[in-house]
Amino acid sequence: AKYSSIFNYPTLTWADIGTIGWLVDGAAIMNQVPLCRCSYGPYARAMVRVCKEESFHQRQGFEILLSLCQGSPEQKAMAQDALNRWWWPSLMMFGPSDVDSPHTQQSMAWNIKRFSNDELRQRFVDMTVPQAELLGITVPDPELKFNEATSNYDFGEIDWDEFWQVVKGHGPCNKDRIAARVKAHEDGAWVREASMAYAEKQEQRKLNPIEVKTA
């Protein structure tokens, strides 16, 4: 099964936990809320419940950063450092640009996907930049500026080489993540073996019930 590329980046400090909640879950909400009205009913209904949980995580993350930014200079610097590292990977969560997205056109034609990757990414930037200003930390993009004509924020180009490297399994933590999964699977072998032995024993008892002698 595929997992989000964002999980291939390391979590280094407590501020990262807040930033992940604020940005990563915020990006997830931006992706998932429109899906609550997509054309596939089971998916749409599931997304309603998912979005409620993601909203809690996003608020929790923002509150963690707010506490840090209102704390000591060292705590605020830690929050800024986390934003510096997680900003661009969060924008990458919306997928490739529309011109390079192989499934967007068909998904939107079927109304499974209601907005394109770039539209959702723009909405996320427009929502998040004022929140960063409220926190008193700076989005790490020298090209970021408000466009009076469009009422949107213009922002710099994403490093698409990094994006594709991570997607293809060459990110900072890809190997570590897979190694952890392999180790967990191997360490749990005894549990699976014990469960199978127990199941076989129970099946044998059904096939050969023990006769209970009565006095």
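This is a predicted model: local features need pLDDT of at least 70, side-chain atom pairs count only at pLDDT 80 or more; totals for chains, interfaces and linings use all residues.
**Helix H6**

Select residues 160-167, which form helix H6. Within H6, the buried residues are Trp-160, Phe-163 and Val-166. These three cover an arc of only 125° around the axis, so they sit on the same side of H6. An α-helix has 3.6 residues a turn, so residues three or four places apart point the same way.

Now go to the N-terminal end of H6 and show the side chain of Asp-159. Asp-159 caps this end of the helix. One of its side-chain oxygens lies 3.2 Å from the backbone nitrogen of Asp-161. Then move past the other end: just after H6 comes Gly-169, with a positive phi of about 100°.

**Thr-19 in helix H1**

Select residues 14-32, which are helix H1, and pick out Thr-19 within it. Is Thr-19 buried or exposed? Its relative accessibility is 0%, so Thr-19 counts as buried. To see what surrounds Thr-19, show Val-24, Leu-65, Ala-82, Leu-83 and Trp-86, which are in contact with it when neighbours within four places in sequence are left aside.

**Asp-118 in helix H5**

Return to helix H5 and select Asp-118. Asp-118 has a relative accessible area of 31% and is therefore partly exposed. Which residues does Asp-118 contact, leaving aside its neighbours within four places in sequence? They are Ser-97 and Asp-98. For Asp-98, look at the backbone: its nitrogen lies 3.1 Å from a polar atom of the Asp-118 side chain. Then select Leu-91, which is 27 residues from Asp-118 along the chain. The C-alpha atoms of Leu-91 and Asp-118 are separated by 9.7 Å.

The last stop is Leu-144, in the loop between H5 and strand E1 (145-147). With 22% relative accessibility, Leu-144 counts as partly exposed, because buried means under 20%.

Show Val-125, Val-129, Val-139, Tyr-153, Asp-154 and Phe-155 around Leu-144. With neighbours within four places in sequence left aside, these are the residues in contact with Leu-144. Asp-154 lies 10 residues from Leu-144 along the chain, and the C-alpha atoms of the two are separated by 5.5 Å.

Key
Residues are numbered from 1 along each chain as its sequence is written. Side-chain values use heavy atoms; hydrogens and water are left out. Buried means under 20% relative accessible area, exposed over 50%, partly exposed in between (1.4 Å probe, protein chains only). Helices (H or I, at least four residues) and strands (E, at least two) are DSSP runs, numbered from the N terminus. The arc is that of the directions from the helix axis to the C-beta atoms. A polar contact is a pair of N or O atoms within 3.5 Å; within protein, one must be able to donate a hydrogen and the other to accept it, and residues adjacent in sequence count only if both atoms are side-chain atoms. Contact means heavy atoms within 4.5 Å.
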